[in-house]
Amino acid sequence: AKINAEGGKKPDDQVHKQVLDERLFRRVNVFNGDLSKYRAWLFDLMVAIGTVDRALAMELKRFMKEKAVKIAADPKFDIKGWDPDIEETNNKSWNKRMHKKYSGELFGVLVQLTEGEAKSALTELANTSVPGNSDDGYQGLMLLQHRFDNQTTSSLLQLFCEVITPGGLKFKDIVTGIHSWE
């Protein structure tokens, strides 16, 4: 038994052990929203998660594939309105125990491993999600997948827009800029 804040002992089943320790993710680069680096970052993240719990990594891959299909098939699907309790009733393969155990810590890991646009997306998700669901790592992964995986329609449109309107250049960068535009 552990000592709680009031000085009393808590039964071991009420003590939450951190499983997704930040030390395990130190070799995973921080993702800043660069679409060309998303898949490599996601791979590194899943490998790091797999070192902790292989079943969790496999569950997250299954979940993300399933949700990618759902989002592509239903344009009205609302990631921010996603609710794990509804997921449980609608999805036979839903692993409630794993979600309950890891979702909060996974969200913390995602926040630590993102910056820029990606972190802004997670912050917005945390501020606008279903109450009680604001720090759900599954939901965060779903959002990042939808927003940054270049196979989604919106990501392809963003890439298309970047090609049509490339960023501005300083005079000294013209020669290298021309090569990068081609």
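The chain has an average pLDDT of 79, and 74% of the residues score at least 70; pLDDT is the predictor's confidence in each residue, from 0 to 100. The model is predicted, so local features need pLDDT of at least 70 and side-chain atom pairs count only at pLDDT 80 or more, while totals for chains, interfaces and linings use all residues. Residues are numbered from 1 along each chain as its sequence is written, and side-chain values use heavy atoms, with hydrogens and water left out.

**Overall architecture**

Eight helices and two strands make up the secondary structure of the chain. Helices (H or I, at least four residues) and strands (E, at least two) are DSSP runs, numbered from the N terminus. Along the sequence the pattern is β-β-α-α-α-α-α-α-α-α. Confidence is highest in helix H1 (residues 38-52), at a mean of 93, and lowest in strand S1 (residues 2-3), at 49.

Of the 182 residues, 35% count as buried. Buried means under 20% relative accessible area, exposed over 50%, and partly exposed in between (1.4 Å probe, protein chains only). Among contacts (heavy atoms within 4.5 Å) with a separation of 6 or more, 64% come from residues 24 or more positions apart.

| Residue | Relative accessible area |
|---|---|
| Ala118 | 0% |
| Gln145 | 14% |

Ala118 belongs to helix H5 (residues 116-128). Neighbours within four places in sequence aside, Ala118 is in contact with Phe31, Asn32, Gly33, Leu144 and Phe148. Gly33 is 85 residues from Ala118 in sequence, yet their C-alpha atoms are 4.9 Å apart in space.

Gln145 lies in helix H6 (residues 137-148). Its side chain is joined to that of Tyr38 by a polar contact of 2.9 Å. A polar contact is a pair of N or O atoms within 3.5 Å; within protein, one must be able to donate a hydrogen and the other to accept it, and residues adjacent in sequence count only if both atoms are side-chain atoms.

**The second largest pocket**

The second largest pocket has a volume of about 230 Å³. A pocket is an open set of points on a 1 Å grid over the protein atoms alone, where a 1.4 Å probe fits, with protein on both sides within 12 Å along at least five of seven lines; lining residues have an atom within 4 Å of a point. The volume is the space filled by probe spheres set on the points, which are joined across faces, edges and corners.

This pocket is lined by 13 residues, and Lys67, Lys70, Phe77, Glu87 and Asn90 lie nearest its centre. Helix H2 (54-73) and helix H3 (84-90) are the elements that give two or more residues to the lining.
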